[in-house]
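Here's a quick tour of the fold you're about to look at.

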Amino acid sequence: MKRARVGLIGAAIFAVAAVAFAQAKPDFSGTWTIDAEASGMAAPPAGAPAGGGGGGRGGGGPLTVKQTATELTVERGGRNGGAPVATVYKLDGTPSTVQMGQNEGSATAKWDGSKLVITTKAGDNETVQTWSVAGTALTIESTGGRGPQKRVYKKG
């Protein structure tokens, strides 16, 4: 009887720890607008439109993010006002095929605690993005191609 009780207590502790770990993963869903000042970017002149969809290309356009338990979908405005471009990442660390400009690449997304690390490779180019959220701010830090970059977005 005591063994059964110890087993139940152990299982309960494990279940609570698993729930706490699962809750440590933030939901990035929403529409995010660049915070030029927090990103160290010059703000556009009054009346000028915000930068176009760039993501890893250094742009500062808005992001629309949809997240499920298994996928993260990131939609950015197209180049020069073109149609929005959506990229889908699998959240289990398996590769996803992604478009990188004119080239096709491979991306993996894995959780590192409460941060999401997305590694994208196309040919000899590799970019690593680390996504984190604090309150209503999404921070995407990236290394690769153009050197280190930090973009901070506000929700809404």
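## The core and what surrounds it

The largest nonpolar core in this predicted model has 18 residues. Those with the most contacts inside it are Leu 63, Leu 72, Tyr 89, Leu 116, Ile 118, Trp 131 and Leu 138. At least two residues of this core come from each of β1 (30-34), β2 (63-67), β3 (71-76), β6 (103-112), β7 (115-122) and β9 (137-143).

- Leave out the neighbours within four places in sequence, and Leu 72 still touches Phe 28, Val 65, Lys 66, Gln 67, Thr 87, Val 88, Tyr 89, Leu 91, Leu 116, Ile 118 and Trp 131.
- Leu 72 sits in β3, and its bridge partner is Gln 67.

**The sheet as a whole**

- Ten strands make up an open sheet: you can walk across it in the order β4-β3-β2-β1-β10-β9-β8-β7-β6-β5, and the pairing is antiparallel.

- β1 and β2 run antiparallel and are joined by 3 bridges; Trp 32 has Leu 63 in β2 as its bridge partner.
- β2 shows two faces: Leu 63, Val 65 and Gln 67 are on the covered one, while Thr 64 and Lys 66 are on the uncovered one.
- Next, β2 and β3 pair over 5 bridges in the antiparallel sense, and they form a hairpin with 3 residues between them.
- β3 and β4 are also antiparallel, with 6 bridges joining them; here Val 74 has Thr 87 in β4 as its bridge partner.

- β6 and β7 run antiparallel, joined by 7 bridges. Look for Lys 110, whose bridge partner in β7 is Val 117.
- The β6-β7 hairpin has 2 residues between its strands, and Gly 113 in the turn has a positive phi of about 65°.
- β7 also pairs with β8 (residues 125-134), again antiparallel and through 7 bridges. Ile 118 stands opposite Gln 129 in β8.
- The β7-β8 hairpin likewise has 2 residues between its strands, and its turn holds Gly 123, with a positive phi of about 60°.

**The aromatic cluster**

- There are 2 aromatic pairs in the model.
- Put together, Phe 28, Trp 111 and Trp 131 form one aromatic cluster.
- Is Phe 28 buried or exposed? Phe 28 counts as buried because its relative accessibility is 0%, and the cut-off for buried is under 20%. Trp 131 is buried as well, also at 0% relative accessibility.

**Two buried serines**

- Ser 39 is in the loop between β1 and β2, and at 11% relative accessibility it counts as buried.
- What does the side chain of Ser 39 reach? It gets to the backbone oxygen of Asp 35, at 2.9 Å.
- Not counting residues up to four places away in sequence, Ser 39 touches Ile 34, Lys 150, Arg 151 and Val 152.
- Ser 142 is in strand β9, and Ser 142 is buried with a relative accessible area of 11%.
- With residues up to four places away in sequence set aside, Ser 142 touches Thr 127, Val 128, Gln 129, Gly 147, Pro 148 and Gln 149.

Notes:
Residues are numbered from 1 along each chain as its sequence is written. This is a predicted model: local features need pLDDT of at least 70, side-chain atom pairs count only at pLDDT 80 or more; totals for chains, interfaces and linings use all residues. Side-chain values use heavy atoms; hydrogens and water are left out. A nonpolar core is a set of buried Ala, Val, Leu, Ile, Met, Phe, Trp, Tyr and Cys residues joined through side-chain atoms within 4.5 Å. Buried means under 20% relative accessible area, exposed over 50%, partly exposed in between (1.4 Å probe, protein chains only). Helices (H or I, at least four residues) and strands (E, at least two) are DSSP runs, numbered from the N terminus. Contact means heavy atoms within 4.5 Å. Two strands pair if DSSP finds at least two bridges between them. Rings of Phe, Tyr and Trp (its six-membered ring) pair if their centres lie within 6.5 Å; planes under 30 degrees apart count as stacked, over 60 as edge-to-face and the rest as tilted. A polar contact is a pair of N or O atoms within 3.5 Å; within protein, one must be able to donate a hydrogen and the other to accept it, and residues adjacent in sequence count only if both atoms are side-chain atoms.
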